[in-house]
Amino acid sequence: MPVKINYHLCKGCKACYTECPADVIGWDDEKAIPYIAYPDECWHCGVCKLECPEGAMIHTLPPQCWIDINKRFISMLGRKGI
Ligand code: SF4
Ligand code: SF4
């Protein structure tokens, strides 16, 4: 799972849920907390981590995965040199 939520830190502000561009994060109305609804759809953009005011979003990919993902993304944009 690429992203996890630290429920000890989450204050239920909904920022991750509303800002995730891929709708990966769901919202549990009853508990008023987010959950990772579609982990396979995550494209590792990091928006949820940036938007979380409590530092509760955890990305679990090792650093080499981020490097590989960024290389692929940049090559899709047609840039070279990385
Ligand atoms: S990293 Fe991006 S796509 Fe993945 S859950 Fe966070 S905001 Fe959504
Ligand atoms: S942005 Fe952070 S504090 Fe707000 S609901 Fe998501 S995990 Fe919880």
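This note goes through the fold, the nonpolar core and the ligand surroundings of a predicted model.

1. Overall layout. The chain holds three helices and four strands, and, when followed from the N terminus, its elements come in the order β-α-β-β-α-β-α. Of its 82 residues, 15% count as buried. Among the contacts between residues at least 6 apart in sequence, 57% join residues that are at least 24 apart.

2. In soluble globular proteins, nonpolar side chains tend to be buried together. Here the largest nonpolar core has 11 residues, namely Val3, Ala15, Cys16, Tyr17, Cys20, Val24, Ile25, Cys48, Cys52, Ala56 and Met57. Helix 1, which covers residues 15-19, supplies the largest share of this core, with three residues.

3. Cys20 and its contacts. Which residues does Cys20 touch once its neighbours within four places in sequence are left aside? Cys20 is then in contact with Ile25, Val47 and Cys48. Cys20 belongs to the core described above, as do Ile25 and Cys48, and the shell around ligand 1 includes Cys20, Ile25, Val47 and Cys48.

4. Ligand 1. The residues surrounding ligand 1 are Val3, Cys20, Ala22, Val24, Ile25, Cys42, Trp43, His44, Cys45, Gly46, Val47 and Cys48. Sorted by class, this shell has 10 nonpolar and two polar residues, and no charged residues.

5. Ligand 2. Around ligand 2 there are 14 residues, of which Cys10, Cys13, Ala15, Cys16 and Cys52 come nearest. The shell of ligand 2 divides into nine nonpolar residues, one polar residue and four charged residues. Ala15, Cys16 and Cys52 are also members of the largest nonpolar core.

Conventions. Residues numbered from 1 in each chain as written. Chains lettered and ligands numbered in written order. Predicted model: local features only at pLDDT ≥ 70, side-chain atom pairs only at ≥ 80, totals over all residues. Near = placed C-beta within 6 Å. Nonpolar A, V, L, I, M, F, W, Y, C, P; charged D, E, K, R; others polar. Helix = DSSP H or I, 4+ residues; strand = E, 2+ residues; numbered from the N terminus. Buried ≥ 20, exposed ≤ 12 C-beta atoms within 10 Å, placed from the backbone. Contact = placed C-beta atoms within 7 Å. Core = buried A, V, L, I, M, F, W, Y, C linked by C-beta atoms within 7 Å.
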